[in-house]
Amino acid sequence: MLCLLTMGASMARAEGQLRIAGQYGVTFLLLNIAQEQKLIEKHGKQLGVDIKVDWVTLSGGPAINDALLSGNIDIAGAGLGPLLTIWDRTRGRQNVRGVASLGNFPYYLVSNNPKVKTLADLTDKDRIALPAVSVSVQARILQMAVAKQWGDKEFARLDKITQTLPHPDAAAAIIAGGTELTGHFGNSPFQEQELAQNPNAHIILNSYEVQGGPSSSTLLYATEKFRKDNPKTYHAFVAALAEAAQYASSNPQGAADIYIKLNKSKVDRNLLLKIFANPQVQFKIAPQNTLGLGQFLHRVNAIRNRPDSWRDYFFDDPAIGQGS
């Protein structure tokens with residue numbers, strides 16, 4: 001297996017081939033739309049290249065990052081935390097950087113423990129599920145919130161009560177209750193399903209409160225080599241993503257149908273439309289308000305390189321020129 005992964009990383013990818021990894025949740029809706037409407041293929045043809053797209057779904061930033069560095073995928077979809085980690089670790093080598101945002105979405109830390117109203121109420125008896133302990137964007141935002149409350153030296157204070165679990169499994173446990181799991185730092189639609197289906201479920205933390213407003217916490221990134229070797233495929237992908245964002249913003253009904261179909265989701269369609277109508281949910285591909293988390297991670301020595309601008313960890317592209 002090790003040999004195969006090494007070979008995959010070293011083999012040159014021909015222009016017109018694209019392997020994309022996403023994860024679970026509405027935060028990956030733009031990829032769903034691009035897949036269903038074959039937007040990447042459409043924009044590829046406009047640039048004179050036939051693009052074959054392979055789609056995979058993984059769970060957690062570490063799995064996504066491993067797949068990218070092993071050469072098994074070309075575009076990675078994961079949280080801001082995993083992007084900053086891989087940007088830091090590959091600087092001067094593979095030079096992984098961000099391609100675009102998948103939009104701005106508030107992430108809720110939901111608890112079904114009636115005694116827990118704030119972070120200060122959490123005890124060693126509580127257990128919080130998130131996509132990947134310590135490195136997922138939810139884990140990093142939790143650390144940032146802890147540092148704001150108890151100081152930077154205490155940033156990892158709640159790590160010991162977190163555990164890695166895919167969003168669908170975590171949501172099912174929070175809704176059912178009666179398990180050791182009392183919290184889930186997730187994303188849409190799982191967090192809204194928890195709030196709607198368990199009367200004890202309530203929000204104890206909103207990611208926007210920690211990050212200081214709307215933020216792009218789920219992003220797409222790639223290696224410098226892929227971008228350089230496949231310029232037409234790369235630009236077709238970004239153009240397709242921009243079109244998908246316009247579609248999601250202007251046609252929430254159609255976007256809901258696509259999400260349900262491609263994810264084989266049993267989510268209530270009206271709940272999905274309510275999520276799309278939330279003014280805090282914004283479908284755009286230019287990243288917003290990402291630098292604060294990057295500088296926090298450097299401050300607590302979670303990454304070695306300090307980003308001075310969001311452009312340090314994103315590729316330069318006119319389509320995302322209004323980022324932050």
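This is a predicted model: local features need pLDDT of at least 70, side-chain atom pairs count only at pLDDT 80 or more; totals for chains, interfaces and linings use all residues.
Colleague: Hi! Is A196 buried or exposed?

Modeller: A196 is exposed, with a relative accessible area of 58%. For the cut-offs, buried means under 20% relative accessible area, exposed means over 50%, and partly exposed is in between, using a 1.4 Å probe and protein chains only.

Colleague: Thanks! Where is A196 found?

Modeller: A196 is found in helix α8, which covers residues 190-197. Helices (H or I, at least four residues) and strands (E, at least two) are DSSP runs, numbered from the N terminus. The C-alpha atom of A196 is separated by 8.9 Å from that of L271, although these residues are 75 apart along the chain.

Colleague: And which residues in helix α8 are buried?

Modeller: F190, Q191, E192, Q193 and E194 are buried there.

Colleague: Which residues does a cis peptide bond join?

Modeller: S188 and P189, with omega at about 5 degrees. P189 is in the loop between β8 and α8. As background, most residues other than glycine have a negative phi, and most peptide bonds are trans.

Colleague: Since you mention phi, what is the phi of K38?

Modeller: Phi of K38 is near 50 degrees, a positive value in a residue other than glycine. K38 lies in the loop between α2 and α3 (39-46) and counts as exposed at 52% relative accessibility. K264 also isn't a glycine and has a positive phi of about 50 degrees. K264 sits in the loop between α12 (252-263) and α13, and is exposed with a relative accessible area of 71%.

Colleague: OK, new topic. At what angle do helix α2 and helix α11 pack?

Modeller: Helix α2 (residues 29-36) and helix α11 (residues 231-250) pack at about 105 degrees, with their axes 9 Å apart. That makes α2 roughly perpendicular to α11. Angles of 65 to 115 degrees count as roughly perpendicular, under 35 as roughly parallel, over 145 as roughly antiparallel and the rest as oblique. The axes are lines fitted to C-alpha atoms, for helices over the stretch in contact, and the angles run from 0 to 180 degrees between N-to-C directions.

Colleague: Which residues meet there?

Modeller: From α2, L29, L30, L31, I33 and A34 meet F237, L241, A244, A245, Y247 and A248 of α11. By class, the contact has 11 nonpolar, no polar and no charged residues. Ala, Val, Leu, Ile, Met, Phe, Trp, Tyr, Cys and Pro count as nonpolar, Asp, Glu, Lys and Arg as charged, and the others, Gly among them, as polar.

Colleague: How many aromatic pairs does a search of the whole structure find?

Modeller: The search finds 7. In one of them, the rings of Y234 and F315 have their centres 6.2 Å apart and their planes at 85 degrees, so the pair is edge-to-face. Rings of Phe, Tyr and Trp (its six-membered ring) pair if their centres lie within 6.5 Å, and planes under 30 degrees apart count as stacked, over 60 as edge-to-face and the rest as tilted.

Colleague: Where do Y234 and F315 lie?

Modeller: Y234 lies in helix α11 and F315 in the segment after α14 (291-299), so the pair ties together parts that are 81 residues apart in sequence. Y234 counts as buried at 1% relative accessibility, and F315 counts as buried at 4%. The charged end of R227 sits over the ring of Y234, 5.0 Å from its centre. For that, NZ of Lys or CZ of Arg must be within 6 Å of the ring centre and within 35 degrees of the ring normal.

Colleague: Last one: which residues form one aromatic cluster?

Modeller: W87, W310, Y313 and F314 do. W87 is one of the buried residues of α5. Helix α5 (residues 80-90) has 10 of its 11 residues buried, so it is largely enclosed by the rest of the structure.

Methods
Residues are numbered from 1 along each chain as its sequence is written. Side-chain values use heavy atoms; hydrogens and water are left out. Contact means heavy atoms within 4.5 Å.
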